[in-house]
Amino acid sequence: MKDFMASTFSVGVREYVKDYMRQNGLLTLSVLAVITGCVLGFMLRGLDLSTQAKIYFSFPGELLMRILKMLILPLITSSLMSGLSSMESKACCRMGVLTVTYYLWTTFIAVVVGIVLVLIIKPGYGTHMESSRLGGGQVITSADALLDLVRNMIPSNLIEATFQQYKTDIIPIMKTPVSTGRPNFVYLMPDEDNPKGRTVQLELTPPPEFEYKTRPDSSPQMNVLGIVIFSATMGLLLGKMGERGAPLVNVCQCINECVMKIINAAVWYFPFGIIFLVAGKILDMSDPSTLGKKLGWYGMTVMAGLFVHGLILLPFFYFILTWKNPFTYIRGLLQAMVIALATSSSSATLPITMKCLLENCRVDRQIARFVLPVGATINMDGTALYEAVAAIFIAQVNEYELDFGQLVTISITATAASIGAAGIPQAGLVTMVIVLTSVGLPADDITLIVAIDWILDRFRTMINVLGDALAAGIIGHLCQKDFPPDRATAQNMENVPLTEVPLLAGKDCIFEVVGDTVIERPTVYYNICQV
């Protein structure tokens with residue numbers, strides 16, 4: 001009996017361990033990799049490694065970022081084109097309106113949460129900071145930033161949009177002072193020979209005056225927004241073309257399947273790359289004790305806002321709109337959130353988020369293909385919250401009282417600026433200038449928070465990714481009636497290996513399931529010259 005119980009118990013434990021590792025093995029390895037990276041980074045800080053040694057040490061983490069960024073472009077284009085091509089225009093428009101409306105609403109709510117918390121906690125009062133000011137100067141206005149956003153939505157060169165985006169540049173032009181030849185000051189200066197004073201005339205050169213002009217420029221960042229709009233338009237038009245557009249749709253589906261297979265293979269490298277990615281960032285960090293004294297309350301305010309918005313409000317919205325358990329849904333997203341914490345880029349995390357939604361959360365493939373790329377581009381809840389908190393924190397440090405109108409201006413500007421923020425590490429610092437200048441705060445005071453920004457950027461990226469994924473679940477629930485009831489069969493066919501798909505395998509017939517019967521139809525062949 002004892003041997004039987006021991007063998008049964010050991011078999012049960014082994015089966016439990018196998019099931020756990022099969023379902024959560026990568027997640028466990030990723031969490032352990034983050035912890036190991038933190039420990040390793042703090043242990044190596046005492047060695048005072050050179051800059052070159054830090055570059056060599058961070059090389060495996062750099063490879064991880066390059067792998068993820070490599071997959072962004074083919075994933076966005078193929079998923080949007082193939083996903084929207086099979087949707088009706090009416091259903092697509094409804095889904096698009098719901099998605100954009102939900103994203104704008106949650107972003108504005110995040111800004112309001114940040115403003116309320118920073119006004120309650122007041123982290124800037126009593127904080128004396130030494131800022132290394134770079135000198136004043138004209139900065140880009142909110143109107144220019146909004147126009148840049150619209151310009152990036154319609155790129156003039158699609159190939160150029162894959163590696164850079166439009167940006168308005170401000171050029172200072174110094175005016176040459178005009179010498180009048182007349183003295184600026186005339187006064188009497190007494191001396192020994194002239195006790196009553198003698199006349200002294202001075203001509204002082206006035207300080208140079210600058211005028212600022214704008215010129216078109218570019219920044220070395222992928223124009224994801226323009227690529228999303230172009231791919232979505234192509235997908236809708238391919239769907240209307242019918243059989244004429246089928247070859248290109250098949251190509252996009254093939255690319256999408258290949259990208260997902262690459263992701264499935266690459267995820268096993270992620271735990272190894274995360275260790276060196278996190279450790280390398282810790283090695284570059286300034287003195288943690290000094291940062292804690294100066295920016296501790298500011299960091300706590302941002303973290304509190306992210307916690308309230310990400311773990312209370314967003315799950316509450318999901319529960320209200322779907323009547324499902326949000327935390328069961330979030331459990332399937334833990335792998336993507338860990339990658340977001342390590343990489344600090346919502347765009348780079350997009351392939352993993354797509355994988356988690358399709359495999360763990362069972363979100364409709366067409367919904368995920370549309371909602372996620374759009375969300376990675378315009379939905380930045382964490383960034384919007386951070387920008388509102390940072391702007392009011394800088395005002396408090398400068399003892400600058402903000403009235404209600406200025407708070408409203410910050411809320412609107414932070415919402416708009418976060419939409420235009422790129423999904424790359426520390427992109428919020430760029431759009432932060434727009435928020436500060438909208439209420440007359442010095443843009444150079446961004447240097448006050450740069451030291452701690454890389455830490456907070458990782459957590460707000462997690463909230464950005466979580467907001468995108470929860471939006472996919474909500475939109476999938478609200479738009480499920482827009483899809484025909486037999487879509488499950490078509491979705492299962494998409495998961496079949498390509499060699500088993502009759503059209504792609506070059507077989508002579510296609511078997512289509514209609515109700516309980518199977519209909520044999522001839523394969524449609526296309527002349528590539530006609531296409």
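Visitor: Let us begin with a single residue. Is Gln 165 buried or exposed?

Guide: This is a predicted model, and the reading rests on computed values. A residue counts as buried when its relative accessible area is under 20%. Gln 165 is buried because its relative accessibility is 14%. Gln 165 belongs to strand β1, which covers residues 165–175.

Visitor: What does the side chain of Gln 165 reach?

Guide: The side chain of Gln 165 reaches the backbone oxygen of Met 222, at 3.3 Å.

Visitor: Is Ser 156 buried or exposed?

Guide: The cut-off for an exposed residue is over 50%. Ser 156 has a relative accessible area of 78%, so Ser 156 is exposed. Ser 156 sits in the loop between α5 (142–153) and α6 (158–161).

Visitor: How far is Ser 156 from Gly 226 in sequence and in space?

Guide: Ser 156 and Gly 226 are separated by 70 residues in sequence, while their C-alpha atoms are 9.5 Å apart in space.

Visitor: Turning to the whole chain, how many helices and strands are there?

Guide: The chain has 20 helices and six strands. Of its 531 residues, 46% are buried. Among contacts between residues at least 6 apart in sequence, 81% join residues at least 24 apart.

Visitor: Which residues does UniProt list under "transmembrane region"?

Guide: The unreviewed UniProt entry lists several spans under that name, including residues 102–121 and 295–321. One may then compare such a record with the model. Residues 102–121 are 100% helix and 0% strand, with their end C-alpha atoms 29 Å apart. Residues 295–321 are likewise 100% helix and 0% strand, and the end C-alpha atoms of that span lie 38 Å apart.

Visitor: How should I read Leu 311, and in which helix is it found?

Guide: Leu 311 is found in helix α10, residues 288–322. A value between the two cut-offs counts as partly exposed. Leu 311 is therefore partly exposed, at 38% relative accessibility. Leaving aside residues up to four places away in sequence, Leu 311 touches Leu 306 and Phe 327. The C-alpha atoms of Leu 311 and Ile 330 are 9.7 Å apart, and these residues are 19 apart along the chain.

Visitor: Which residues of the largest nonpolar core touch the most other members?

Guide: In soluble globular proteins, nonpolar side chains tend to be buried together. Here the largest nonpolar core has 125 residues, and Tyr 298, Tyr 329, Ile 352, Leu 357 and Ile 410 touch the most other members. Helix α18, residues 450–478, gives this core its largest share, 13 residues. Not counting residues up to four places away in sequence, Leu 357 touches several residues, among them Tyr 329, Leu 333, Ala 469 and Ala 472.

Visitor: How many aromatic pairs are there?

Guide: The count is eight aromatic pairs. One of them joins Phe 319 and Trp 323, with 5.1 Å centre to centre and 70° between the planes, and is edge-to-face. Phe 319 is partly exposed because its relative accessible area is 34%, whereas Trp 323, at 62%, is exposed.

Visitor: Which residues form an aromatic cluster?

Guide: Phe 57, Tyr 269, Phe 272 and Phe 276 form one aromatic cluster.

Key. Residues are numbered from 1 along each chain as its sequence is written. This is a predicted model: local features need pLDDT of at least 70, side-chain atom pairs count only at pLDDT 80 or more; totals for chains, interfaces and linings use all residues. Side-chain values use heavy atoms; hydrogens and water are left out. UniProt positions are given in the numbering used here, feature names are shortened, and annotations may be inferred rather than shown by experiment. Helices (H or I, at least four residues) and strands (E, at least two) are DSSP runs, numbered from the N terminus. Buried means under 20% relative accessible area, exposed over 50%, partly exposed in between (1.4 Å probe, protein chains only). A polar contact is a pair of N or O atoms within 3.5 Å; within protein, one must be able to donate a hydrogen and the other to accept it, and residues adjacent in sequence count only if both atoms are side-chain atoms. Contact means heavy atoms within 4.5 Å. A nonpolar core is a set of buried Ala, Val, Leu, Ile, Met, Phe, Trp, Tyr and Cys residues joined through side-chain atoms within 4.5 Å. Rings of Phe, Tyr and Trp (its six-membered ring) pair if their centres lie within 6.5 Å; planes under 30 degrees apart count as stacked, over 60 as edge-to-face and the rest as tilted.
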